[in-house]
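Please look over the sequence and the structure shown here before reading on. The briefing that follows takes up one topic after another.

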Amino acid sequence: MSESWLGDLQGMARAARGMVSGRLLLLSLELRRARHGLVSLVILGVVAAIAGATAWIAFWALIAALAVHFGLSWPWAFAGVLVLNLLVLVWVAAAMKALTPMLALPASRRQFHWLFNDPMDPEESSADGRTATPP
């Protein structure tokens, strides 16, 4: 009877080992595939950034040329382009600053408080990730 029980236990251990081994192999293969996909995405992102920057420069050169065509001098046309680009830059910087609290992973930190338990962290944070200020 004990040999049968021991055999069953060994069979279960082999099955569990095989299941874990199979899942680790699957994870390894998927991570390799994801790495190749990520490299492709980064390369395509660089190409898109170059194309976008070129189009942006061409667009503003066209705006400046149109401004000169309608009677504005070149220095004023370039000044207008510069001001408009600086306004876009300020808007982008403000949007980026508003999004940075999301990088703190507030929901995950709440779920894994035992892992991220930092005594310097505030007690609660709001749903958007910003720390709550006392009234």
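**Briefing on a predicted model**

L41 lies in helix α1, which covers residues 2-69. The model is a predicted one, and the predictor's confidence in the protein averages a pLDDT of 84, with 81% of the residues scoring at least 70. The points below treat the overall fold, the confidence, the surface and the aromatic residues.

**Overall fold**
- The protein has three helices and zero strands, and when the chain is read along the sequence the pattern is α-α-α.
- Helix α1 spans residues 2-69, while helix α2 takes in residues 74-99 and helix α3 takes in residues 106-111.

**Confidence**
- Confidence in the protein is highest in helix α2, at a mean pLDDT of 95, and lowest in helix α3, where the mean is 72.

**Surface and burial**
- The protein has 135 residues, of which 5% count as buried.
- A nonpolar patch on the surface is formed by L38, L41, V42, V46 and I50, which together have about 500 Å² of accessible area.

**Aromatic residues**
- W56, F59 and W60 form one aromatic cluster, and the count of aromatic pairs in the protein comes to four.
- The ring centres of F59 and W60 lie 5.1 Å apart with their planes at 75°, so this pair is edge-to-face, given that planes over 60 degrees apart are classed in that way.
- A pair of aromatic rings is described by two quantities, namely the distance of the centres and the angle of the planes.
- W60 has a relative accessibility of 12% and therefore counts as buried, since the cut-off for a buried residue is under 20%.
- F59, at a relative accessibility of 41%, counts as partly exposed, because this value falls between the cut-offs for buried and exposed residues.

Definitions and conventions: Residues are numbered from 1 along each chain as its sequence is written. This is a predicted model: local features need pLDDT of at least 70, side-chain atom pairs count only at pLDDT 80 or more; totals for chains, interfaces and linings use all residues. Side-chain values use heavy atoms; hydrogens and water are left out. Patches are made of residues with over 30% relative accessible area and no salt bridge: like charges are joined within 9 Å, nonpolar side chains (Val, Leu, Ile, Met, Phe, Trp, Tyr) within 5 Å. Accessible areas come from the Shrake-Rupley method with a 1.4 Å probe; for residues, only the protein chains shown count as cover. A salt bridge is a side-chain nitrogen of Lys or Arg within 4 Å of a carboxyl oxygen of Asp or Glu. Helices (H or I, at least four residues) and strands (E, at least two) are DSSP runs, numbered from the N terminus. Buried means under 20% relative accessible area, exposed over 50%, partly exposed in between (1.4 Å probe, protein chains only). Rings of Phe, Tyr and Trp (its six-membered ring) pair if their centres lie within 6.5 Å; planes under 30 degrees apart count as stacked, over 60 as edge-to-face and the rest as tilted. pLDDT is the predictor's confidence in each residue, from 0 to 100.
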